[in-house]
Amino acid sequence: PASTAEPQPGDLGVGGVPLAEIADRFGTPVYVLDEGEVRDRCRTYRHAFPDADVVYAAKAFLCRAMVHWVDEEGLGLDVCSAGELELAVTAGFPPEKIVLHGNAKSPRDLETALRLGVGRIVIDGPSEIARLAAAVGPEGRQKVMVRVIPGISAGGHAKIRTGTDDQKFGLSISDGYAQHAIARILDQPQLELTGLHCHLGSQITSVKPYLSAVRRMVGLMARLHEQHGIVLPELDLGGGHGIAYRPGEPALDLTALARKVRAELIAACAAAGLRVPRLMIEPGRAIAGPAGVALYHVLAVKRTGSQVFVAVDGGMSDNPRPALYGVRYAPRLVGRHSAVPTTPVTVVGRHCEAGDVLAADVELPEDVRPGDLLAVPVAGAYHLSMASGYNMVGRPPVAAVADGRARLLIRRESLDDIRSRDVGL
Ligand code: LLP
């Protein structure tokens with residue numbers, strides 16, 4: 001078996017700060033975000049898509065610092081609730097650069113969006129049209145887009161595929177619901193339709209489905225032009241750009257995506273006699289995911305039958321992704337070097353169910369023991385944003401590292417926090 005004696009690059013820490021130092025200072029479990037890496041990833045997108053609007057999908061991870069970084073790097077923001085929206089705007093994000101999504105927008109979501117003046121509201125279903133028009137009021141006018149289902153199957157797992165007719169988001173082209181809704185929107189003077197939106201799914205590692213989406217969407221734009229004489233100025237292709245969770249896994253090639261999508265868009269528009277719309281993309285995972293590391297302490301090591309279980313002080317309440325989507329991570333021992341050979345182990349959490357597995361069948365040194373520090377790389381997206389209150393362990397804090405210094409962004413949820421919400425008897 002391989003030895004882990006060789007120092008790994010990550011052992012040096014994140015953003016110039018040793019991981020063990022961060023664990024000491026903030027306790028574990030803790031999530032560490034590399035500010036420089038978030039900013040670099042924003043810049044990579046801006047460079048790859050110089051004439052598109054890059055809109056960060058806040059659902060991947062949001063806090064006030066993240067709002068500032070994304071804003072300073074020139075991105076827009078995709079939100080899907082009044083909560084994300086209020087946090088962003090109160091942190092200073094320009095509302096006109098915000099896009100509001102949601103298949104079931106609450107009255108509060110719509111009221112907040114209109115009050116704060118969000119740039120675009122993406123209509124996801126027919127019942128939203130009259131509701132939104134009424135909320136805008138006779139004097140107002142709100143820019144909207146329509147989320148359509150292009151009929152393309154793509155994405156890392158069935159639960160995160162959204163390009164086909166058998167899921168809840170958007171309006172289907174194939175059965176005419178999208179066209180029907182668009183006709184109704186065009187009848188509402190309070191709503192200004194700026195373009196079409198689609199989101200194929202998440203953790204997509206091939207460029208091809210995006211090219212199919214371009215063709216389908218431009219096809220629909222051409223039909224709308226014929227039927228209604230409208231030329232829609234915007235096309236939002238959503239997010240879904242896949243990343244590697246373990247060394248050697250494929251990731252979506254952003255440069256190829258940018259180049260091919262642009263070429264396809266220009267060709268499809270030329271063939272349809274349409275002006276090329278402004279492109280929008282909505283990456284979430286690819287910006288936040290690789291910039292985050294989760295740190296856990298080992299609490300227990302147990303051998304049962306043929307298995308070695310390494311139990312840590314977090315689990316499915318801070319990272320539900322292995323349980324939900326079967327995602328595989330590559331945890332590593334940090335903070336000490338072990339010269340002994342590795343052995344296959346299963347890293348489990350502390351929660352009260354057998355499905356609380358963070359990483360099955362991974363290699364850790366044979367002498368892994370309670371008190372050891374484990375780092376789980378690629379933990380910046382859809383971990384804390386999906387964290388739950390299961391077993392009342394409290395959600396972990398988030399620290400940011402930049403220029404060799406760590407600072408706290410989100411504090412640990414304390415037992416007092418949990419108890420204070422319990423107001424009845
Ligand atoms: N735009 C829309 C309209 C979306 O619904 C999403 C993600 C995105 C953009 C960003 O997708 P991304 O670039 O991050 O793949 N919890 C799942 C992922 C759910 C994604 C939901 N929508 C996971 O942990 O894999």
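Predicted model: local features only at pLDDT ≥ 70, side-chain atom pairs only at ≥ 80, totals over all residues.
The contact between them takes 22 residues from domain 1 and 21 residues from domain 2.

On the domain 1 side of that contact, select α11, β17 (398-402) and β18 (405-410), each of which supplies at least two residues. The largest share of this side, four residues, comes from β17. By class, the side of domain 1 that touches domain 2 has 17 nonpolar, four polar and one charged residues.

**The ligand**

Next, show the ligand and the residues around it. How many residues surround the ligand? There are 22, and the closest are A57, S202, G239, G284 and Y382. Where does the ligand lie relative to the two domains? Domain 1 and domain 2 both give residues to the shell, so the ligand lies between them.

Select helices α10 (285-288) and α11 (321-325): each supplies at least two residues of the shell around the ligand. Colouring the shell by class gives eight nonpolar, nine polar and five charged residues.

**Annotated positions**

Now select R285, R321, Y325, E353 and Y382, which an unreviewed UniProt entry lists under "binding site".

Is R285 buried or exposed? R285 counts as buried because 25 C-beta neighbours lie inside 10 Å, where 20 or more is the cut-off. Leaving aside neighbours within four places in sequence, the contacts of R285 are A60, S202, Q203, H241, I243, A381 and Y382.

Move to Y382, in the loop between β16 (373-377) and β17. Y382 also counts as buried, with 25 C-beta neighbours inside 10 Å. Not counting residues up to four places away in sequence, Y382 touches A60, R285 and R321. Y382 is also one of the residues named as closest to the ligand.

The unreviewed UniProt entry lists C352 under "active site". Select C352 in the loop between β14 (342-348) and β15 (357-365). Is C352 buried or exposed? C352 is exposed, since 10 other C-beta atoms lie within 10 Å and the limit for exposed is 12 or fewer.

**Helix α4**

Go to helix α4, residues 82-90, and show the side chains of A82, E84, L85, A88 and V89, the buried residues of this helix. Viewed down the axis, these residues cover an arc of only 160 degrees, which puts them on the same side of α4. What covers the buried residues of α4? The cover includes α3 (64-72), β3 (76-79), β4 (98-100) and α5 (107-116). Just after the helix, select G92, where phi is positive, at about 105 degrees.

**Backbone geometry**

The last stops concern the backbone. Most residues other than glycine have a negative phi, and most peptide bonds are trans.

Select T28 and P29: the peptide bond from T28 to P29 is cis, with omega near -10 degrees. P29 is found in the loop between α1 (19-26) and β1 (30-34).

Then select D361 in strand β15. The phi of D361 is near 55 degrees, a positive value in a residue other than glycine. D361 counts as exposed, with 11 C-beta neighbours inside 10 Å.

Finish at N391, in the loop between β16 and β17. N391 is not a glycine, yet has a positive phi of about 65 degrees. How exposed is N391? N391 is partly exposed, with 15 other C-beta atoms within 10 Å.

Key:
Residues numbered from 1 in each chain as written. UniProt positions renumbered as here; feature names shortened; annotations may be inferred. Near = placed C-beta within 6 Å. Nonpolar A, V, L, I, M, F, W, Y, C, P; charged D, E, K, R; others polar. Domains from an automatic or database assignment. Arc of directions from axis to C-beta. Contact = placed C-beta atoms within 7 Å.
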